[in-house]
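I opened the notebook to look up a few local features. The entries follow in the order I checked them.

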Amino acid sequence: MLITATFINYYFICHRKLWLFANGIRMEHSSEIVAEGKLIGETTYIDRSQQYTEVEVDGIKIDFYDAKNKVVHEVKKSNKIEKAHIAQVKYYIYKLEQKGIEGVTGVIEYPKMRQKETVLLESGDKEMIQSWEKNIEELVESEICPPLLRKPICKQCSYFDFCYVEEPKD
Ligand code: SF4
């Protein structure tokens, strides 16, 4: 199974979201794609695009990789640093190291907060990432869709209508 960075991200956001996405139920609307940083990447950071290359490792696309300095860049529109963002960048670094590229670091940029977060692959992280991969495989291969998260984050999720639609009454 190809575990993409989106799988890792969703694993930390909501297991149900991960399951739905991995099982081919896609509900992203344009605003969410924009919110995920695509537009930010293309506008706020466009002037620096020459410094970065787009890299693909085992089907996983890293949009902004500074090959000279071995730094993975990620841009998030969010106004808070989230575990899911850090996990995603750690996964990129892990995948690059698996290909023999040592000494890679990561930087997550939060333009809204004008803040940067450095991400490193630390001792024990490789084992931790392997356990994420195992858990993700088990989760998405399960025939049972995980339960509703019922958290405020649901209101911003593209699956909100799908998850919280009322059952039709007879
Ligand atoms: S709406 Fe909530 S429960 Fe449904 S997938 Fe999104 S985060 Fe998960």
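The model is predicted.

**Ligand shell.** Which residues surround the ligand? I listed Cys-14, Arg-16, Lys-17, Leu-148, Leu-149, Cys-154, Cys-157, Tyr-159, Phe-160, Cys-163 and Tyr-164. Next I looked up which elements give two or more residues to this shell, and found α2 (15–22) and α7 (160–164). The largest share, three residues, comes from α7. I then sorted the shell by residue class. Nine of its residues are nonpolar, two are charged and none is polar.

**Helix α2.** Is α2 enclosed or open? Six of its eight residues are buried, so the rest of the structure largely encloses it. I noted the buried ones as Arg-16, Lys-17, Leu-18, Trp-19, Leu-20 and Phe-21. Just after α2, I found Gly-24 with a positive phi of about 85°.

**Charges over rings.** I checked Lys-17 again, this time for its charged end. That end sits over the ring of Tyr-10, 4.6 Å from the ring centre. Phe-21 has a charge over its ring as well: the charged end of Arg-26 lies 3.8 Å from the centre.

**Aromatic pairs.** How many aromatic pairs does a search of the whole structure find? I got eight. I looked at Tyr-11 and Phe-12, an edge-to-face pair with 5.1 Å between centres and 80° between planes. Are the two partners buried or exposed? I used under 20% relative accessible area as the cut-off for buried, and over 50% for exposed. Tyr-11 has a relative accessibility of 12%, so it counts as buried. Phe-12 has a relative accessible area of 24%, so it is partly exposed. I also recorded one aromatic cluster, formed by Phe-7, Tyr-10 and Phe-21. Two of these names were already in my notes: Tyr-10 lies under the charged end of Lys-17, and Phe-21 under that of Arg-26.

**Helix α5.** α5 is mostly covered, with 13 of its 16 residues buried. Just after α5, Gly-100 takes a positive phi of about 90°.

Definitions and conventions:
Residues are numbered from 1 along each chain as its sequence is written. This is a predicted model: local features need pLDDT of at least 70, side-chain atom pairs count only at pLDDT 80 or more; totals for chains, interfaces and linings use all residues. Side-chain values use heavy atoms; hydrogens and water are left out. A residue is near a molecule or strand if one of its heavy atoms lies within 4 Å of it. Helices (H or I, at least four residues) and strands (E, at least two) are DSSP runs, numbered from the N terminus. Ala, Val, Leu, Ile, Met, Phe, Trp, Tyr, Cys and Pro count as nonpolar, Asp, Glu, Lys and Arg as charged, and the others, Gly among them, as polar. Buried means under 20% relative accessible area, exposed over 50%, partly exposed in between (1.4 Å probe, protein chains only). Rings of Phe, Tyr and Trp (its six-membered ring) pair if their centres lie within 6.5 Å; planes under 30 degrees apart count as stacked, over 60 as edge-to-face and the rest as tilted. A charge sits over a ring if NZ of Lys or CZ of Arg is within 6 Å of the ring centre and within 35 degrees of the ring normal.
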